[in-house]
Amino acid sequence: MTTEEMENDPAAREPESGYDPDSEPALVAATAADDGLEPSVVLAEQASAENAPAQPVQEELLPEAGEPAEPVVDRTDAQLRAILEAIIYITDEPLTAEQMAVALGEPRDRIKALLGELTEEFARPERGLSIQEIAGGYKMATKAEHHEAVRAFVRNLKPPLKLSLPALETLAVIAYKQPITAPEIMDIRGVQGAGVLKTLLDRKLIAAAGRKNVIGKPILYKTTREFLVQFGLKDVGELPSLKEFEELGRFAISDVDEPSLERPPAAPDEPQPEAQPEAQPEAQPEQA
């Protein structure tokens, strides 16, 4: 049978019995034919690839607990020393070098060296604070030689500002309606407030702002700089608006007056004691 007859005859193109086109030798032969190589060369390359040592797989390992993470940015010693100073200043409990190293992602040895430099810097006589090693950590405190001076200063500090409810109400009216007169304050509050005004004047929370050009020319009152300092305000423009107060009041009322959806179970009726039959008097025997 010629080549052309074999190509045109479907039966001639069928594989011989027992031939598997998916077997490994058949695949090797087909690969060699496609690449223009001998099958023996392809088998040799496959064998060398199988016998080659396995290449280690590089895995991305996470840092174990307690190990410093990679630093986010490169910090100079001066920058890192300033950060350490701020961290020690804001914490109440002593911090160890290990804690700060892990938190900042820096080597422990570098943190330890910079803490030593900070300790020496604060030990100078011109510094009023010191960094002390306490319970294995670092803490900032006043120097012992300054304790008496600091104690005397604290004793002379002003006591914390305490105002009664009427004083707070009057101060709020003046803050929102200033300048305002005493009769106008009384009309808003509905009560006399001469004593409250004197208290606010003594505390320097309010001051006179001239007189109103009406009959009697009453004194006008306004808030002072001390008022802004005590309440932490930049100016009176930072006061909450009346609309915000109304919303807060509505929220407070809804929280307090919200009826409960579940009613408490009714108490079962207590059993009434059974009525005891009245005792009958015993019959007296008749006398003969």
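Biologist: Why are α5 and α7 called roughly perpendicular, then?

Modeller: Same test, another angle. The axes of α5 (residues 77–90) and α7 cross at roughly 70° and come within 10 Å. The perpendicular band is 65 to 115 degrees, so α5 and α7 count as roughly perpendicular to each other.

Biologist: Which residues make the contact of α5 and α7?

Modeller: On the α5 side, Asp77, Leu80, Arg81, Leu84, Glu85 and Ile88; on the α7 side, Arg110, Ile111, Leu114, Leu115, Glu117, Leu118, Glu121 and Phe122. They divide into eight nonpolar, no polar and six charged residues. Ile111 and Leu115 of α7 turn up here, and they also meet α6.

Biologist: On to the strands. How do you know that β1 and β2 pair?

Modeller: Pairing takes at least two bridges, and six bridges join β1 (residues 129–134) to β2 (residues 137–142). The two strands run antiparallel. For instance, Leu129 has Thr142 in β2 as its bridge partner, and Ile134 stands opposite Gly137.

Biologist: What makes β3 and β4 edge strands?

Modeller: The open sheet has three strands in the order β3-β5-β4, paired antiparallel. β3 (180–181) and β4 (206–211) each have a single partner strand, so one side of each is left without a neighbour in the sheet.

Biologist: How many bridges join β3 to β5?

Modeller: Two, which meets the cut-off of at least two for a pair. Ile180 stands opposite Tyr221 in β5. Between β4 and β5 there are four bridges; Ala207 stands opposite Lys222, and Arg211 has Ile219 as its bridge partner in β5.

Biologist: Which helices touch or lie across these strands?

Modeller: Helix α9 (residues 165–177) packs on the sheet and touches β3, β4 and β5, with its direction at about 95° to that of β5. Helix α11 (residues 194–202) lies across β4 and β5, running at about 110° to β4.

Biologist: Where does Pro179 lie, and what kind of peptide bond joins it to Gln178?

Modeller: Pro179 is in the loop between α9 and β3. The bond with Gln178 is cis, with omega about -10°.

Biologist: Which elements have the lowest and highest mean pLDDT?

Modeller: Helix α2 (residues 10–13) has the lowest, at 51, and strand β5 (residues 219–223) has the highest, at 94. Over residues 14–19 the pLDDT is below 50, and beyond near neighbours in sequence this stretch has one contact in the model. Over residues 56–66 the pLDDT is also below 50, with two contacts beyond near neighbours in sequence.

Biologist: What does the pLDDT look like over the chain?

Modeller: The average is 75, and 62% of the residues score at least 70. Where pLDDT is low, the predicted coordinates should not be read in detail.

Methods:
Residues are numbered from 1 along each chain as its sequence is written. This is a predicted model: local features need pLDDT of at least 70, side-chain atom pairs count only at pLDDT 80 or more; totals for chains, interfaces and linings use all residues. Side-chain values use heavy atoms; hydrogens and water are left out. Contact means heavy atoms within 4.5 Å. pLDDT is the predictor's confidence in each residue, from 0 to 100. Axes are lines fitted to C-alpha atoms, for helices over the stretch in contact, and angles run from 0 to 180 degrees between N-to-C directions. Angles under 35 degrees count as roughly parallel, over 145 as roughly antiparallel, 65 to 115 as roughly perpendicular and the rest as oblique. Ala, Val, Leu, Ile, Met, Phe, Trp, Tyr, Cys and Pro count as nonpolar, Asp, Glu, Lys and Arg as charged, and the others, Gly among them, as polar.
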